[in-house]
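Good morning, and thank you for coming. Please look at the sequence and the structure on the screen while I speak.

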Amino acid sequence: MHHAVIAATGLYTPPQSLSNEELVETFNTYVARHNEANADAIAAGAVEALQPSSPEFIVKASGIRSRHVVDKSGLIDPELMRPVIPERPNEEISVLAEMAVNAANQAIAAWGKPASHIDAVLCACSNMQRAYPAIAIEVQQALGIDGFAFDMNVACSSATFGIKTAADYVATGSARAVLMVNPEICSGHLNFRDRDSHFIFGDVATAVVVERAEDADEHGGWDILGSRLKTVFSNNIRNNFGFLNRAAPEGIGKADKLFVQEGRKVFREVVPMVSEMILEHAHDLTLDPHGLKRMWLHQANINMNDMIGRKVLGRDPTPEENVIILDEYANTSSAGSIIAFHTANQGFAPGDTGLICSFGAGYSAGTVFVRKR
Ligand code: CO8
């Protein structure tokens, strides 16, 4: 068995950014127009008036201040309220694969070895652009990588499930090095007309290279001390979009074909589940969780991360210890913990430990404890 190392990471941030104020202005214009158009029905009690959103609520409830998006024009148009991303001919790289390749190129450059040293590509994210061929195979071809590639979807937990899969392939000799990419166009599956969730998500792509410890730079990267996965079925985060929708056309276009959640229930149920999982995993690895130098948690909600951070460290974590990037990026599903890890992994001495952890729909959760080499 080989030990696995996180050798390098990459991040692609779409150039357009959308603030809470811009998002709310569009939403509130939609609400005003809807209420005006339905004024008589609302007065008669036949239709319920829609309520406006507010930037203050969004910051207080979630910690999110803005998000990066692939297309802003459609999101600030109250008549559209969806991204505008034209179809591309099959001969052109798909949007999702292109974002993944941008992040992967950065990771491979930081790694400093040719892409041909990679034996496998995993595309681990919440929403694939199409059923097949796999986005991962498209990325593999674009980067000139031999071996094999496949897509995997465990919603917001996809990246830690991907790192564990990569580490297991490396450990058993199935691959010398694995590239794992997390392209997320969350704006494509977000209901921008839903006040409860219209502010939650953003678009981004991240990439991680995992390789054998003996092939890795002696003082580069991060030893994977342990990775663990957990799933527990829940209907509280759901998206019923799928290939069987055409077999039930009456459901096409309904709200459940986009992201829907019971946010409060998710909060209440996931915080204890994840906190316990982290503490148990640390215990089994004989790691003192209070000694973790840094946590790179899934970025869904700042209050969730504060609570999990407190339970893990046994005190209030400092901002340096509990990295938050969701103020700028919002929830980017699988990519959130990797953006945090990629942007805030400085200041570590060899032997210092940290935790990458993701959680989300399924429910699903993954913990990856790392040690600076
Ligand atoms: N503006 C003003 N007021 C609002 C708004 C708004 N936009 N929205 C709701 N309110 C009101 C509500 O009506 C409610 O009013 P009242 O008290 O009178 O009933 C009040 O504000 C409080 O509402 P909530 O209880 O809903 O507010 P919370 O404090 O619970 O915050 C959150 C809502 C932010 C959603 C919070 O519950 C949360 O973050 N929960 C955790 C969610 C989470 O982590 N989900 C994980 C999802 S990620 C995943 O795994 C899915 C992957 C798939 C990605 C696909 C891409 C799209």
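First, a word on the source. This is a predicted model, in which local features need pLDDT of at least 70 and side-chain atom pairs count only at pLDDT 80 or more, while totals for chains, interfaces and linings use all residues. Residues are numbered from 1 along each chain as its sequence is written, and side-chain values use heavy atoms, with hydrogens and water left out.

Let us begin with the ligand. Which residues come nearest to the ligand? Of the 29 residues around the ligand, the nearest are Cys156, Gln261, Arg264, Asn301 and Ala361; a residue is near when one of its heavy atoms lies within 4 Å of the molecule. Sorted by class, this shell holds 14 nonpolar, 12 polar and 3 charged residues. Here Ala, Val, Leu, Ile, Met, Phe, Trp, Tyr, Cys and Pro count as nonpolar, Asp, Glu, Lys and Arg as charged, and the others, Gly among them, as polar.

In Gln261, a side-chain N or O atom is 2.8 Å from a ligand nitrogen atom. In Ser53, a polar side-chain atom lies 2.9 Å from a nitrogen atom of the ligand. In Arg195, the atom is a backbone N or O, also 2.9 Å from a ligand nitrogen. A polar contact, for reference, is a pair of N or O atoms within 3.5 Å; within protein, one must be able to donate a hydrogen and the other to accept it, and residues adjacent in sequence count only if both atoms are side-chain atoms. Taken alone, the ligand exposes 1,200 Å², and the protein buries 76% of that. These areas come from the Shrake-Rupley method with a 1.4 Å probe, and for residues only the protein chains shown count as cover. Helix H3 (55-62) and H7 are the elements that give two or more residues to the shell, and H7 provides the largest share, 4 residues. Helices (H or I, at least four residues) and strands (E, at least two) are DSSP runs, numbered from the N terminus.

Buried means under 20% relative accessible area, exposed over 50%, and partly exposed in between (1.4 Å probe, protein chains only).

Now to single residues. Beyond four places in sequence, Phe267 touches Pro272, Asn301, Asn303, Met304 and Met307, where contact means heavy atoms within 4.5 Å.

Asn305, in helix H8 (residues 302-313), has a relative accessible area of 0% and is therefore buried.

Ile338 and Ile339 are themselves buried in H10, a helix (residues 336-343) with 7 of its 8 residues buried.

Finally, the backbone. A cis peptide bond joins Tyr132 and Pro133, with omega about -5°, and Pro133 is in the loop between strand E4 (120-124) and helix H5 (135-143). Another cis peptide bond, between Gly362 and Tyr363, has omega about -10°; Tyr363 is in the loop between E12 and E13.

Met81, although not a glycine, has a positive phi of about 55°, and Met81 is buried, because its relative accessible area is 4%. Ala330, also not a glycine, has a positive phi of about 60°. Ala330 lies in the loop between helix H9 (326-329) and H10 and is buried, because its relative accessible area is 0%.

Thank you for your attention.
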